[in-house]
Amino acid sequence: MSHTPPTSPQPTIIEKVFDFVDERVGLKLLAAKMLNEPVPGGSRWAYVFGSVLLFIFIMQAVTGVLLMFYYVPTADHAYASTQYILHDVDYGWFLLSYHFWGSTAMVVCVFAHMSQVFLWGAYKKPRELIWLVGLALFGIVMGFGFTGYLLPWDQRAYWATTVGVEIMDKTPLVGDFMARFLKGGATPGQMTLSRFFVIHVMVLPAALMGLAGLHLFLFRSAGPAGPFRGTPEELKVKTDYFFPRQIWKDIVGMAVVFACICALAFWEPVVLLEEATPDPGDYHPEPEWYFLFLFQLLRLKMFSGEFGQFLGAMAVPGAFMALLAALPFIDRDPERNIFKRPIALIGWVVVMAAILIFTVSAIINREFLD
Amino acid sequence: MSNERESMSPTQIGLGILWPAFWTGLAFKLAFVLLFLALGMVHFETRIGLAFLMLLASPVTVFALPTITLGLESHLGEGAGIALLFLLAIPIDIWSLGVVGRTFFLERLRREPPEGLGLTLWWKCALVGAIFLPILWIVVSATTQGAMSVVHSIFEMDFLKGIPVAERITIELVLWGSAATAVLLLLLVIGVWLVGRVIRGTAESAPQALENYQGLITRWDLMRVPADQGLMLTGLTGGAVVLALLFWSSLPVFTPHPHECCKKPEVKAAPVFKPLETLNKDEKMLAQLAAQVELLEKQQAEAEMEKEKGKGKGKAGKAAVKAPAETAPAPPAAVKP
């Protein structure tokens with residue numbers, strides 16, 4: 001009786017290609033490192049915002065590239081080419097509306113992600129650098145919104161940018177230079193459009209990719225902070241790897257955000273106003289909704305006059321951002337439970353309530369003006 | 001820990017079940033919402049946020065929404081898709097409440113989850129919602145309206161009329177918004193407490209789970225792993241592919257027109273003022289008018305000349321000459337209204 005040795009099945013083409021790449025770049029090790037990251041206390045829905053932000057950025061890049069196939073960044077043709085995208089290009093209305101609502105989703109998710117990190121006390125030692133890079137990323141996301149808003153070149157875009165640049169102009173020392181640099185002339189025109197376009201499609205994406213990579217690297221180096229509550233025994237038995245449960249939650253989060261953006265694109269597709277002109281007519285200029293609270297703040301009597309405008313437009317927001325940057329170095333208490341950090345909790349509630357109240361006030365104020 | 005479990009308030013229990021159940025069913029419901037929007041079967045009115053919440057929180061709104069829509073004449077939108085979405089939400093909610101309920105019973109309450117827990121929790125939540133949410137709707141609406149009119153009348157007083165518009169808007173908003181939010185939060189807590197009481201009733205009749213914490217966590221963990229992972233993955237992927245294909249095939253090529261019920265007010269900027277074009281147009285019109293005047297003067301001069309000639313020729317030629325006013329040309333197109 002003869003025994004034939006068991007033969008291993010022949011590897012498939014895909015396995016061969018995978019092995020070929022693995023031999024050269026260590027793919028298996030990389031995948032293992034990426035997927036086997038321990039998540040202290042197990043996977044949670046609260047951790048999905050970072051991955052969702054990455055997904056939104058990729059989708060913005062994809063829709064942005066498709067829009068660039070048709071968009072012409074000149075003062076003579078920007079408006080007409082945007083109208084062409086909206087009315088003549090197949091599914092153009094959906095692409096542009098998705099891109100528009102995607103920017104809003106990005107701002108909302110950045111706020112949610114920063115709130116989660118703040119409330120979880122995940123900015124504390126040894127994660128200070130992750131927090132600082134995150135703040136820079138927040139600035140870039142706001143920059144994307146600001147520069148992208150001008151590109152359709154309609155009255156809304158033109159005047160929102162004019163208001164924004166005027167606010168920037170109030171910065172001491174560098175304000176005048178920055179405003180002149182962005183406008184490229186006395187009034188917004190071709191130079192402004194060119195500069196905003198280049199910043200929107202080249203400078204900011206490059207900066208975001210670099211900083212997002214650094215953010216991820218720092219996050220992987222320090223590891224996830226985990227929940228702020230629970231006994232060590234509970235945390236230990238619930239600790240899980242990044243794959244599959246956290247990845248599954250991330251995918252569900254991405255699907256939910258994708259569906260919400262699509263639904264908003266259906267409900268409120270982008271509609272342009274008249275073509276941009278230096279005469280506002282009856283149109284009341286105002287910035288994009290996420291700057292509305294600041295815009296309304298500047299309408300208050302206490303922020304009137306040259307000094308008041310500087311105080312409201314630059315000093316207060318600047319001081320707030322500086323405070324956020326210094327937060328990990330000021331708050332050195334290792335306690336992460338938000339319910340045992342009353343100042344942090346009250347501070348967060350006050351800031352969120354103030355943003356909400358001033359944003360809604362700006363909307364009511366709009367009705368007054370109309 | 002045992003004390004902590006026994007002292008769990010109904011509000012904690014209600015929130016512990018409803019919040020994760022809401023998120024568990026959300027992705028599936030949103031996929032259908034999107035598909036129906038693409039098919040043009042759903043048209044939401046301006047309160048889209050509210051409509052969405054109603055749809056997505058369907059374990060408690062499934063019977064409450066028809067009551068609010070029909071009984072209180074509050075219109076959220078149009079289309080057969082809304083009713084269909086609620087029908088589709090029922091099995092999704094039963095499944096999500098079952099998954100969440102079993103986890104909650106084992107991990108937090110240390111009780112054996114009874115058979116058909118999802119269905120039991122669903123009908124109890126739906127019943128509480130059907131009674132409680134319309135009451136909440138009426139009370140919050142009345143409070144908001146009342147607070148707004150009271151605050152508005154306060155600011156109509158003479159000594160407060162000097163407050164600038166921006167400040168006045170913000171103070172008014174804070175005042176009536178605080179009253180409305182406080183009432184809404186209070187009623188929401190009462191609603192969640194009611195749901196929690198109902199769930200606690202179900203939990204009290206369930207037997208105690210006997211394993212230690214490690215054993216319970218392992219069981220709870222394994223419960224979330226499907227029996228046939230390959231089948232589940234294939235099913236989910238297949239479903240996603242079908243939904244994606246349906247979506248792309250039904251997506252309108254050009255901007256869909258809003259439904260009659262849900263037309264939004266059109267935002268329009270003032271007509272564009274282009275100085276150079278206006279100047280050119282005016283110059284052209286002036287030139288045209290000058291030409292008209294010149295023509296009139298020429299005609300008048302000719303008529304005068306004819307008259308002079310006629311006088312010379314005698315009475316016989318009188319009838320042939322017409323007065324210049326009667327022969328005036330029609331006004332040029334440029335000056336027509």
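**Notebook: the A/B interface**

Helices here are DSSP runs (H or I, at least four residues), numbered from the N terminus.

This is a predicted model, so local features need pLDDT of at least 70 and side-chain atom pairs count only at 80 or more, while totals for chains, interfaces and linings use all residues. Residues are numbered from 1 along each chain as its sequence is written, chains are lettered from A in the order written, and side-chain values use heavy atoms, leaving out hydrogens and water.

Chain B has a mean pLDDT of 82, with 81% of its residues at 70 or more. I noted residues 319-337 of chain B, where pLDDT stays under 50. The model scores ipTM 0.81 and pTM 0.81.

Next I looked up the interface. Contact (heavy atoms within 4.5 Å) takes in 48 residues of chain A and 45 of chain B. The two chains bury about 4000 Å² between them, 72% of it on carbon and sulfur atoms; buried area is the accessible area (1.4 Å probe) lost on being put together, summed over both parts. In chain A, Y91(A), F266(A) and W267(A) lose the most area to chain B, together 18% of what that side buries.

Then I checked salt bridges (Lys or Arg side-chain nitrogen within 4 Å of an Asp or Glu carboxyl oxygen). I found 1 between chain A and chain B: K238(A) pairs with E107(B), the closest N and O atoms 2.5 Å apart. On the side of chain A that touches chain B, α11(A) gives the most, with 12 residues.

Note on methods
Helix = DSSP H or I, 4+ residues; strand = E, 2+ residues; numbered from the N terminus. pLDDT = per-residue confidence, 0-100.
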